[in-house]
Amino acid sequence: FGEIIPPGAAAEAERLACKSDVVLVVGTSAQVYPAARLPMTAKGRGAFIIEANIEPTDFTTNGISDVFLHGPAGTTIAILLNNVRRIMDCLATDGHR
């Protein structure tokens, strides 16, 4: 949106995208670069991409997102977090932690 991303922050984001196992993409148009490149970078390195948005984006339709959570971020992220907690609790109960 016309704001300059500090070079150090951009380089760090790129570095982290390259080594991420999972990337959560929330509320984006997938049109603003260079930030829109980060999920593609991560996907190219084998990351699992979870997109939460009120409407599909290029990430959804072009196969970048592995999972699309349709709805407002406050709702979809809360549901995702609750499900992750349930899985973690089950793993802890089974001694897999």
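How many bridges join strand 2 to strand 3, and do they run parallel or antiparallel? The close-ups below take this up. This is a predicted model, where local features need pLDDT of at least 70, side-chain atom pairs count only at pLDDT 80 or more, and totals for chains, interfaces and linings use all residues. Residues are numbered from 1 along each chain as its sequence is written, and side-chain values use heavy atoms, with hydrogens and water left out.

**View 1. Strand 2 beside strand 3.** The answer is 4 bridges, with strand 2 and strand 3 (residues 67-70) running parallel. Ile50 sits opposite Val67 of strand 3. Strands here are DSSP runs of E, at least two residues, and helices are runs of H or I, at least four, numbered from the N terminus; strands pair if DSSP finds at least two bridges between them.

**View 2. Strand 2 beside strand 1.** Strand 1 (residues 22-26) is joined to strand 2 by 5 bridges, also in parallel. Val22 has Phe48 as its bridge partner in strand 2. Since 5 of the 6 residues of strand 2 (residues 48-53) are buried, the strand is largely enclosed by the rest of the structure (buried is under 20% relative accessible area, exposed over 50%, partly exposed in between; 1.4 Å probe, protein chains only).

**View 3. Glu12 and Arg15.** These two form a salt bridge, with the closest N and O atoms 2.8 Å apart (a side-chain nitrogen of Lys or Arg within 4 Å of a carboxyl oxygen of Asp or Glu). They are 3 residues apart in helix 1 (residues 7-19), so about one helical turn separates them. Glu12 is partly exposed at 35% relative accessibility.
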